[in-house]
Amino acid sequence: MRVDLVARAQRSRLREILAPAAAMAVAIVVGGIVIALMGRSPLTAFDVYFVQPLTQSYSLQAIAVKATPLVLIGVGLAFCYRANLWNIGAEGQFIAGGALGGWLGLLTHDGAGQGVFGSWWILPAMMLLGVVGGALYALIPALLKVRLNVSEILTSLMLVYVAQLALDWLVRGPWKDPEGHNLPVSVVFDPEATLPTLVDGGSLHLGVLFAPIVVAIAAVVFSKTLFGYSVRLAGSSPRAARFGGFDDRRITIAAFLISGGLAGLAGVVEVSGKIGQLLPSISPGYGFSAIIVAFLGRLSPVGILVAGLVLALTFVGGEDAQIAMHLPGDMTLAFQGVLLICVLAADVLARYRLTFTRSARS
């Protein structure tokens with residue numbers, strides 16, 4: 001018997017909206033089965049993962065902080081994916097932005113470089129350098145794509161490891177804190193280079209406001225601007241885009257610059273907000289998790305905001321589950337992988353239907 005995919009005659013808007021919710025439900029069921037096989041209660045795990053974090057103030061703040069980089073990166077990836085460009089290296093662009101922005105924090109440590117202008121400019125300059133660092137790092141696979149037709153999937157992914165190793169070398173070498181007891185860490189940023197907190201004694205910092213602002217801007221760009229239309233057209237019908245006078249090379253470079261710039265912004269927000277210094281590793285995998293966020297949010301800025309909060313909830317819940325239920329930390333990453341598979345499968349089934357054909361006997 002042969003199984004084929006046949007395009008549905010009409011695309012159902014309701015079916016496509018419900019597909020991510022169905023994918024989430026299936027992923028939860030699969031996760032529950034795995035947890036049961038490990039000898040734990042699936043109902044308790046569900047409560048720890050998805051319910052308890054929503055009932056505590058510090059957990060809600062942690063969700064907002066973790067959702068910020070996921071949303072920023074996810075919105076940037078939406079520009080590439082809508083243009084049918086596969087940027088898989090947002091993790092590297094996140095690191096590049098965090099490292100370049102953090103470099104300014106190290107350069108101005110202990111009041112150095114403030115001069116007559118004071119210190120008000122340091123934090124905005126760090127944010128700008130973060131955007132520049134991520135954008136320039138994303139420009140590498142973009143140029144290789146448009147100039148040499150090299151697969152952006154391979155180049156962007158391999159550059160992740162280059163960024164990780166470069167940051168590791170910097171923090172263990174020239175950027176290492178000489179008074180850090182030989183630990184591979186940089187000095188702690190001055191208050192002038194640290195995002196201020198919004199809640200006294202809490203983890204919620206000013207950087208969380210960037211996510212809704214970026215979502216609002218991206219929503220307007222996609223729905224109201226010629227550039228947004230060109231990105232969508234290039235992704236859905238490249239020949240029509242070229243016939244309409246849109247330069248696919250310029251769209252490729254612009255989409256990667258935006259994607260990398262937002263990933264770099266997320267990186268510098270992370271190091272100047274949550275971490276407060278540079279470490280050999282500054283990301284728990286936000287760049288890869290944001291791919292799930294982008295698709296779970298249907299490549300819509302508002303949908304990505306909601307999906308980012310959901311994925312952030314799994315991060316916080318996973319940390320609580322390690323303590324309360326002694327579940328392995330990789331359980332969260334495994335769940336996110338299952339969720340991505342379910343999302344992609346749901347998208348396929350929303351647009352195609354399965355047909356079964358009995359193969360003829362020879």
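**Group meeting: charges, fold and ring pairs**

Okay, let's start with charge: the chain carries 24 positive side chains and 19 negative ones, and the centres of the two sets are 21 Å apart. Lys and Arg count as positive, Asp and Glu as negative, with His and the chain ends not counted; each charge is placed at NZ of Lys, CZ of Arg, CG of Asp or CD of Glu.

A quick word on the source: this is a predicted model, where local features need pLDDT of at least 70, side-chain atom pairs count only at pLDDT 80 or more, and totals for chains, interfaces and linings use all residues. Residues are numbered from 1 along each chain as its sequence is written, and side-chain values use heavy atoms, leaving out hydrogens and water.

Now, how many helices and strands are there? The chain has 13 helices and two strands, which are DSSP runs (helices H or I, at least four residues; strands E, at least two) numbered from the N terminus.

On to the rings. Rings of Phe, Tyr and Trp (its six-membered ring) pair if their centres lie within 6.5 Å; planes under 30 degrees apart are stacked, over 60 edge-to-face, the rest tilted. That rule gives 11 aromatic pairs. Take Phe-79 and Phe-227: their centres are 6.3 Å apart and their planes at 25°, so they're stacked. Phe-79 sits in helix H3 and Phe-227 in helix H8, 148 residues apart.

Then there's Tyr-286 with Phe-315, an edge-to-face pair at 5.8 Å centre to centre and 70° between planes. Tyr-286 is buried at 0% relative accessible area, and Phe-315 is buried at 9%; buried means under 20% (1.4 Å probe, protein chains only), exposed over 50%, partly exposed in between.
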